[in-house]
Amino acid sequence: MRRTDLADLTAFVAVADNLSFREAASRIGVTPSALSHTMRHFEERLGFRLLNRTTRSVALTDAGLRLLDRLRPAVEQISRGLDDLKGEQGHPFGRLRLYVTHLAGAAVIAPVWARFLSTFPDVQLEVHADAAPGDIVAKGFDAGIGPREWAAADMIAVRVIGPMRVAVVGAPAYFARRQPPRTPDDLGRHSCVQYRRAGDSTMFEWAFERHGKSRRISVDGRVIVNDTDLAVRAAADGLGIAYAAEAVADPFLRSGQLVRVLEDWTPAFEWFFLYYPGHRQVPVALRALIDMLRGARRSAPAEGSLDIPFAAD
């Protein structure tokens with residue numbers, strides 16, 4: 001169907017419902033003369049007269065009545081669909097698709113998704129984790145969560161979390177064989193799970209902060225990874241000490257598979273941003289998620305932060 005056909009059918013239904021060009025024109029937001037012109041050309045294209053009109057009245061011809069009978073179910077269905085959408089304003093529903101870094105999935109979404117889905121039972125949440133930025137519009141995602149630089153210049157970026165703390169962890173079995181470190185300098189006597197940056201393939205120096213002073217330590221060890229989940233897994237298997245986001249290590253800490261060391265030295269690192277196209281209406285489900293994440297962020301303690309390179313994992 002061409003756009004002109006839909007416009008002509010809309011005009012015809014308005015006239016048929018009101019049997020008045022003036023009232024129909026007011027309903028669809030055009031002038032009576034423009035509506036009369038539209039109907040005249042529509043009838044000419046069809047080759048049928050749909051309306052009998054005089055200066056005093058408008059009536060449907062037999063062809064007009066038959067066309068209206070065929071259009072009525074579709075018009076009512078469209079009307080119900082629009083009413084349903086209006087009724088769903090403020091009520092999150094449907095699928096919400098997110099494109100996130102692996103760490104953002106663990107640190108931003110996982111802590112709230114149970115509460116989010118129980119609060120909004122008509123929402124289906126799809127989370128795609130990736131290590132590289134992607135075109136969320138082309139891939140059909142509603143929003144992304146990652147470092148600020150992942151958002152295109154014309155997108156809206158909302159800070160939704162942070163700062164997040166770091167955890168230095170090891171397995172109880174590992175510390176049964178070696179004295180736990182008391183200062184970052186003690187790490188030189190330990191096997192540490194090294195982390196290789198994805199961007200330039202260099203080894204990540206572990207950042208520490210205490211009493212307003214920060215420092216970075218180069219560590220050594222037999223295991224090298226480029227994923228913080230693997231680093232924590234290696235530590236849980238007793239292969240050494242790992243440095244990771246607190247949100248990633250927390251399940252292992254709570255289960256007793258890992259214990260924390262150097263806690264008074266570990267800093268917080270920079271925020272993640274939720275970003276989405278700014279040229280269209282924000283889906284209701286996405287707005288609800290942003291509000292929930294902002295509420296969780298307001299309840300977190302405020303403190304200084306460092307820019308940790310593995311935040312984009």
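Which residue's side chain meets that of Arg-233 in a salt bridge? The partner is Asp-237, with N and O 3.3 Å apart. A salt bridge here is a side-chain nitrogen of Lys or Arg within 4 Å of a carboxyl oxygen of Asp or Glu.

The structure is a predicted model, in which local features need pLDDT of at least 70 and side-chain atom pairs count only at pLDDT 80 or more, while totals for chains, interfaces and linings use all residues. Residues are numbered from 1 along each chain as its sequence is written, and side-chain values use heavy atoms, with hydrogens and water left out.

**Salt bridges**

A search of the whole structure finds 13 salt bridges. Three of them are listed below, including the pair already named.

| Pair | Closest N and O atoms |
|---|---|
| Arg-95 and Glu-126 | 3.6 Å |
| Arg-97 and Glu-126 | 3.0 Å |

Asp-237 counts as partly exposed because its relative accessibility is 47%. Arg-233, at 37%, is also partly exposed. Salt bridges with shared partners join Arg-95, Arg-97 and Glu-126 into one network.

Helices (H or I, at least four residues) and strands (E, at least two) are DSSP runs, numbered from the N terminus. The salt bridge between Arg-95 and Glu-126 links strand S3 (residues 94-100) to strand S4, so parts that are 31 residues apart in sequence are tied together. Glu-126 also forms a salt bridge with Arg-97. Because Arg-97 lies in S3 and Glu-126 in S4, this pair ties together parts 29 residues apart in sequence. Glu-126 is partly exposed at 26% relative accessibility, whereas Arg-97 counts as buried at 19%.

An α-helix has 3.6 residues a turn, so residues three or four places apart point the same way.

In helix H2 (residues 21-28), the buried residues are Phe-21, Ala-24 and Ala-25. Seen down the axis, they fall within an arc of 100° and so line one face of H2; the arc is that of the directions from the helix axis to the C-beta atoms. On the other side of H2, Arg-22 and Ser-26 are exposed. Just after H2, Gly-29 takes a positive phi of about 80°.

Helix H9 (residues 246-255) has Val-248, Ala-249 and Phe-252 as its buried residues. These cover an arc of only 75° around the axis, which puts them on the same side of H9. The buried residues of H9 pack against helix H5 (102-109), strand S7 (164-170), helix H8 (228-236) and strand S12 (242-245), where contact means heavy atoms within 4.5 Å. Gly-256 follows H9 and has a positive phi, near 85°.

Val-127 belongs to strand S4 (residues 123-129). With a relative accessible area of 32%, Val-127 is partly exposed.

Methods: Buried means under 20% relative accessible area, exposed over 50%, partly exposed in between (1.4 Å probe, protein chains only).
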